[in-house]
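Subject: Structure for your attention

Dear colleague,

Please find the structure below, together with its sequence. I would be grateful if you could read the notes that come after it alongside the coordinates.

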Amino acid sequence: MIRQSTLSAALVLFASLGAHAADDSLTQSFDRMLNHTPAASAVAASAGQVADPLIAAMVVPLRDGVVAPRPQHDAVLAGFTRMLQHTPSTQTPAVPASTGVDPLQLAVVEPLRNWQSNSSAVHLADAAR
């Protein structure tokens with residue numbers, strides 16, 4: 001008997017909460033936010049203020065459907081080009097006499113140095129293209 005009355009009380013409470021859920025101010029605010037149409041006008045800028053580059057790069061293309069102009073000089077691409085065309089040093093680094101031969105240098109540097117002497121200096125740059 002107690003279970004049945006508890007169950008019916010829970011059902012009545014649940015039904016009353018469901019009916020009032022649409023009247024909840026939080027639910028209404030989410031409904032307004034999700035049904036809101038975004039503004040089509042530009043944000044007003046202060047006089048003498050430079051246009052925000054982030055807005056120009058991200059918001060304007062999405063809002064207006066235009067593609068922002070690409071920069072004339074790509075610094076990242078230029079850096080990689082310089083790195084791949086760089087001629088490595090052929091000098092042997094100075095090592096203290098007490099340490100002997102460096103096993104890392106024998107395993108990594110010397111094979112690369114021998115490979116470079118057998119091929120052109122820009123072999124890596126040609127392989128990257």
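The notes below go from the overall fold to individual residues.

This is a predicted model, in which local features need pLDDT of at least 70 and side-chain atom pairs count only at pLDDT 80 or more, whereas totals for chains, interfaces and linings use all residues. Residues are numbered from 1 along each chain as its sequence is written, and side-chain values use heavy atoms, with hydrogens and water left out.

Overall composition

The protein has six helices and zero strands, the order from the N terminus being α-α-α-α-α-α. Helices (H or I, at least four residues) and strands (E, at least two) are DSSP runs, numbered from the N terminus. Of the 129 residues, 4% are buried; buried means under 20% relative accessible area, exposed over 50%, and partly exposed in between (1.4 Å probe, protein chains only). The accessible surface is about 11,600 Å², and carbon and sulfur atoms account for 66% of that area. These areas come from the Shrake-Rupley method with a 1.4 Å probe, and for residues only the protein chains shown count as cover.

Helix α3 covers residues 53–64, and its 12 residues should span 16 Å at 1.5 Å a residue, which agrees with the 16 Å between its end C-alpha atoms. The expected span is 1.5 Å times one less than the number of residues. Just after α3, G65 adopts a positive phi of about 75°.

The whole structure contains two salt bridges, each defined as a side-chain nitrogen of Lys or Arg within 4 Å of a carboxyl oxygen of Asp or Glu. One of them joins R63 to D64, with the closest N and O atoms 3.1 Å apart. R63 is partly exposed because its relative accessible area is 33%, and D64 is also partly exposed, at 42%.

D64 can also be related to the loop between α2 (25–35) and α3, where S41 lies. The C-alpha atoms of S41 and D64 are separated by 10.0 Å, although the two residues are 23 residues apart along the chain. S41 counts as exposed because its relative accessible area is 53%.

Helix α5

R113 is placed in helix α5 and forms a salt bridge with E110, the closest N and O atoms being 3.0 Å apart. The two residues are three residues apart in the helix, so about one helical turn separates them. In general, an α-helix has 3.6 residues a turn, so residues three or four places apart point the same way. R113 is buried because its relative accessible area is 19%, while E110 counts as partly exposed at 22%.

A polar atom of the R113 side chain also lies 3.3 Å from the backbone oxygen of Q91. Apart from residues up to four places away in sequence, R113 touches T90, Q91, T92, P93 and Q105, where contact means heavy atoms within 4.5 Å.

Helix α5 (residues 103–118) also holds L104, which counts as exposed because its relative accessibility is 59%.

With kind regards

How values were computed. A polar contact is a pair of N or O atoms within 3.5 Å; within protein, one must be able to donate a hydrogen and the other to accept it, and residues adjacent in sequence count only if both atoms are side-chain atoms.
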